[in-house]
Amino acid sequence: MITGLRSGIVQGELVAATSDRGSIFSQRFDRSVFIAYFLGAIVPLLALAFVVQQFVLPEMPDSTAVIGLIAMVCSIAVLSFLAYLVLRRSTGHTLLRIDRDNRRLASLLENSQTMTCAEHAGDIAARSVACAIDLSNARAAYLLVRGKDAELSPELFDSAGSEADAQFQSARTHLLAQADWVIENGQTAILGAVNNALENRPAMIFLPLNGEEGPLGVLVVVRGEPDTPFEPGQIDALTTLASLTSVAMRNADLKDLQRNFFSHMTEILVSALDAHLGYHAGHGNRVAQLANRIGRSLDWDTQQLQTLHFASRLHDVGMLKFDRNVQKSPAACEKHTAIGARMLARIRLWENLAPIVQSHHEWYDGTGYPEGLSGDEIPIEARVVSICDAFDSMTSDTSYQIALPFDAAANEIRDGAGTQFDPEIAAEFLKLFEAGEISE
Ligand SMILES: [Fe+2]
């Protein structure tokens, strides 16, 4: 039987946590110092002064006054030294506790930042179990997630610790049953350190990972030293870790939904564009492949490569506004960039694509359209798309032109460097072409 954290009840062999919440730092420091100082210095001094004044001095001849004074000084010295020892011991313990709390807090903060930025649930789970080991000196930590079918037991998602595999194999049924209970009830459960009914298994804590619609899973931590329960500070830190893990996993799920939505929305748009530009099917995807090679060759980061990818695939999206029989008209050519940019600028997560789509027909020497931008005024992604767009257009068969061989198209890029195309990006393109990375 398991008892919940909040119940604070001790039942049978299982010990429920009575979590002493408050600051993660110890608040006993000031009180300890004050008590030690008061008992060790103030109280004895007052008592000594009282005794000397009332009983010793009135009876004492002059010759013994010096001895009495020396005895009093020695007594004060001894008492002060004892007070120092008590204070040193007390503050030593307190500082150790503060140091442990500090290290836990630092570990939580560092892992929290990493988990918040993680894109995938797998990365979060790996970080969470590693942090659980770090926080509690545990021998094993597991992250179990609720199965797709609510009737089934939770599934092991990730684990960490020197004895994680062996421990899981030996206690699999037990662990899954307890985790199932925690998911069902949404409460933390702690098993005591010594438990004959559980064959002297070490202390374990089961923390629910709460989602919007009930627990997503359970973080299980198995204590490191046999027969040693979790400390209150460890329970607090692990509870905080479980909360951070829950939030990070929900965020990762949202990011996954977002990626899924954009990936499929882009597919739908690109398919519609391909069908609409019948003479040029697959153009967006081919431009994206070429642009990706150039972006990687230029050591762009993931974010910039992603922007380049979507901008490449959607650079002619403005053509959707034009009827098929006017797509090659001067009006359509002139306006499709600005129209496409306006379409994308309305979508907040795609608004950064708008300037690229707007400028993909600008020329490096300023003679392009729609704004006649030149050089660095043109977004660098647009300068990449411009080369890839031109190369794919030249090497594709359409109803109005026969495809050029790749060599001839590469020569056109070479000839246009510095006028139509950015010379540095054109050089990068030609370097890839000559290395055989862009071939038929
Ligand atoms: Fe275009």
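## Close-up views of a predicted model

**View 1. A look inside the second largest cavity.** The residues lining this cavity split into five nonpolar, three polar and three charged. Keep in mind that this is a predicted model. The cavity has a volume of about 40 Å³. Who are the residues around it? Its lining is made up of Ser 359, Glu 362, Trp 363, Tyr 364, Ile 378, Ala 382, Arg 383, Ser 386, Gln 420, Phe 421 and Asp 422.

View 2. How many cavities of 30 Å³ or more does a search of the whole structure find? It turns up two. Around it you'll find Leu 273, Asp 274, Leu 277, His 280, His 283, Gly 284, Arg 313, His 315 and Asp 316. Two elements each give two or more residues to this lining: helix 5 (232-276) and helix 6 (283-297). Sort the lining residues by type and you get two nonpolar, four polar and three charged.

**View 3. A nonpolar patch on the surface.** Now for the outside: Val 78, Leu 79, Phe 81, Leu 82, Tyr 84 and Leu 85 form a nonpolar patch there. Taken together, these residues have about 550 Å² of accessible area.

View 4. A pair of aromatic rings is described by how far apart the centres are and by the angle of the planes. The structure holds seven aromatic pairs, and one of them is made by Phe 391 and Phe 433. This pair is edge-to-face, with 6.3 Å from centre to centre and 70° between the planes. Phe 391 belongs to helix 10 (residues 380-394) and Phe 433 to helix 12 (residues 423-434), so the pair ties together parts that lie 42 residues apart in sequence.

View 5. Side chains of opposite charge can pair when their charged atoms come close. The count of salt bridges in this model is 13. One of them joins the side chains of Arg 103 and Asp 99, at 3.5 Å from N to O. Where do Arg 103 and Asp 99 lie? Both are in helix 2, four residues apart, which is about one turn of the helix.

View 6. Most residues other than glycine have a negative phi, and most peptide bonds are trans. Is the peptide bond from Tyr 369 to Pro 370 cis or trans? That bond is cis, with omega near 10°. Pro 370 sits in the loop between helix 9 (354-358) and helix 10. Then there's Asn 137, which isn't a glycine but still has a positive phi, near 50°. You'll spot Asn 137 in the loop between helix 3 (121-136) and strand 3 (140-145).

Methods:
Residues numbered from 1 in each chain as written. Predicted model: local features only at pLDDT ≥ 70, side-chain atom pairs only at ≥ 80, totals over all residues. Heavy atoms only, no water. 1 Å grid on protein atoms, 1.4 Å probe; cavity = no way out; pocket = protein on both sides within 12 Å on 5 of 7 lines; lining within 4 Å. Points joined across faces, edges and corners; volume = space filled by probe spheres on them. Nonpolar A, V, L, I, M, F, W, Y, C, P; charged D, E, K, R; others polar. Patch = residues over 30% accessible without salt bridge, like charges linked within 9 Å, V, L, I, M, F, W, Y side chains within 5 Å. Areas by Shrake-Rupley, 256 points an atom, 1.4 Å probe, with all protein chains shown as cover. Salt bridge = Lys/Arg side-chain N within 4 Å of Asp/Glu carboxyl O. Phe/Tyr/Trp six-rings, centres within 6.5 Å; stacked < 30°, edge-to-face > 60°.
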